[in-house]
Amino acid sequence: MLRRPVLRRAVGTMAQSETTLPVILVADEVQAAPAGSVADALHRRYGRDYDIVPAGSDVRDAIDRLATDARTLALFLAADPSPDADGETVFGRARRIFPDARRGLLLGWGTWADAATAERVLELMSRLQIDYYVVRPGGAADEDFHATVTEFLREWRAVAGGRRGAMVIGEEHAPRTHLLRAMLTHQGVAVTVADPASALAVGVLSESGTAYRGVPLVRTVDGRMLVDPDDAEVARSQGLSTELPSDTVDVAIVGAGPAGLAAAVYAASEGLSTLVLEGSALGGQAVSSSLIRNYLGFPRGVSGDDLASRAYQQAWVFGAGFAHSRTVTGLEIGDDFGLAVAPGDLVRARAVVLASGVSYRRLRAPGLRRFVGASVFYGASSVEAKAQQGRSVCVVGGGNSAGQAALHLARYAASVSLLVRGASLAASMSAYLIEQLEALGVQIVPETRVVDASADARDERLASIEVENTATGERRSLACEALFITIGARPHTEWLPPEVLRDQWGYVFTGTSEADEDAPEPWAGRAVPGALESSVPGLFAVGDTRRSSVKRVASAVGEGSVVISAVHRYLGG
């Protein structure tokens, strides 16, 4: 079959194309670059899978026509970010109409040295108008240019779907449906969710000969149908191990968040037999972050999922073992450590690194419980963001996780409100996040707490929450169809024996912990342990589970890296 011409004319001057390929829209007044136009370079590399469309003279009309023609915009590259009469840039327009699309500002080589250009880039980035800048190609195969474009398209594909992946068949109001989708997504699998009564689900069930009996089902990437699978069965279906070693390992790491994964990389790379035990998803709290902008080495930012996946692969190729969906429930202290692992197994280790992280505290609002897992979420679940298209959403919390959640939700939700107990965000959130929240129009509601919730009378879904002003006690109702709660972090240390000293909240004291007026002197005259070591020799704590830790991904990674030196010293006597 003959393919259509290499390049389409401007969108506004041509009849609608019959193609269903996603679009890369290019608005660039520089059409005579050394290697040809940007559109030429894009078509040579991506023309089989994407429709490369020059925007023509009216960029705004080109964006609108794509929407009118029900096209999908994957990537928008433009050189002129000038606002229109209403103050909206072409990037803002593209974001508003196509929230999944990636957006890049086209620059010539070296123009970032110009002060005005640099200021423009920084302003567009801070206002979330663009995802990054793109330097025009300077040769026939400019791999730096294509690396940026490919990364854009990879990110778009991850959020837009369309990759071969798994399917969850379950009712939207069922918490287990949401948990299965989140688990698979965090394992790097593209997930489609289908209501059991939908034509899609009916067809899949008929094809597989499976009946829906009121519990969620998972069709795996290779076509198997799992009926109401537990976490371990889901992990095994993705090729992840849940097995425990029979021999004693040099170091067992409890938790696969940033701190635990960093510890695994350094332990395995230095020759220690290493086992990582994780009861839920890789990445810990970090996987809820749709974009971590201030992590070293990722100038455009990196999602928590992507960072965790890269770290897991890095540890795995060094030889670290992983036991997925295996929860540690107890610790025996002796010549070696014995770790009790649910449902009734035991693994032995010469040293243990606690990196079990924290979970968010449950609010004592009586009306919330029935919505938990379906429209009330503890943690800033970026997986759920796209499902909030056109809804009124509230986020509770004043830290970076809350800010990142609000920014990601603002891509899709009709409105986003950030509810904060304090008078402002200045003391608890990074400045760049505060600026971006303001730029996107996220409503900041200070001195506020949630006290109750109400359902829609028609379908029993969350419709509103009741909030109280912490200064005046005044109560009022807020429209809210989804609530994300990111406050009151609690460490996972309840399974530790009393020999492991903790503060009143459960955080583990280490040799580098700082006591304060609210905490007793942890060592009470005994020898202070080494850095990151607990009151039990050979048992170390890193990341959020450790008292006095800095609640940042980079800090957790640093502690996980450094602790292995202390483990070596302990194992060496």
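Me: How should I read relative accessibility here: is Arg-326 buried or exposed?

Reply: Arg-326 counts as buried, at 10% relative accessibility, where buried means under 20% relative accessible area, exposed over 50%, and partly exposed in between (1.4 Å probe, protein chains only). This is a predicted model, in which local features need pLDDT of at least 70 and side-chain atom pairs count only at pLDDT 80 or more, while totals for chains, interfaces and linings use all residues. Residues are numbered from 1 along each chain as its sequence is written, and side-chain values use heavy atoms, with hydrogens and water left out.

Me: Which residue forms a salt bridge with Arg-326, and how far apart are the closest N and O atoms?

Reply: Side chains of opposite charge can pair when their charged atoms come close. The rule for a salt bridge asks for a side-chain nitrogen of Lys or Arg within 4 Å of a carboxyl oxygen of Asp or Glu. Here the partner of Arg-326 is Asp-345, with the closest N and O atoms 2.5 Å apart. Asp-345, at a relative accessible area of 36%, is partly exposed.

Me: How many salt bridges does a search of the whole structure find?

Reply: The search finds 31. One of them joins the side chains of Arg-300 and Glu-155 at 2.7 Å, N to O, and this pair links distant parts of the chain, 145 residues apart, with Arg-300 in the loop between β11 (274–278) and α10 (304–317) and Glu-155 in helix α5 (residues 143–160). Arg-300 is buried, with a relative accessible area of 13%. Arg-490 and Glu-494 also form a salt bridge, their closest N and O atoms being 3.7 Å apart; Arg-490 is partly exposed at 42%, while Glu-494 counts as exposed at 56%. Salt bridges can also join into a network, as those of Asp-64, Glu-88, Arg-93 and Arg-96 do.

Me: Which residues does Thr-242 touch, leaving aside those up to four places away in sequence?

Reply: Contact means heavy atoms within 4.5 Å, and on that basis Thr-242 touches Ala-232, Ala-235, Arg-236, Ala-323, His-324 and Arg-326. Thr-242 lies in the loop between α8 (231–237) and β10 (249–254) and counts as buried at 4% relative accessibility. Its side chain makes a polar contact with the side chain of Arg-236 at 3.3 Å, a polar contact being a pair of N or O atoms within 3.5 Å, of which, within protein, one must be able to donate a hydrogen and the other to accept it, and residues adjacent in sequence count only if both atoms are side-chain atoms.

Me: How much area do domain 3 and domain 4 bury between them?

Reply: The size of an interface is often given as the accessible area lost when the parts come together; buried area here is the accessible area (1.4 Å probe) that two parts lose on being put together, summed over both. Domain 3 and domain 4, whose bounds come from an automatic or database domain assignment, bury about 800 Å² between them, 35% of it on carbon and sulfur atoms. Across this interface of domain 3 and domain 4 the rule finds zero salt bridges.

Technical notes. Helices (H or I, at least four residues) and strands (E, at least two) are DSSP runs, numbered from the N terminus.
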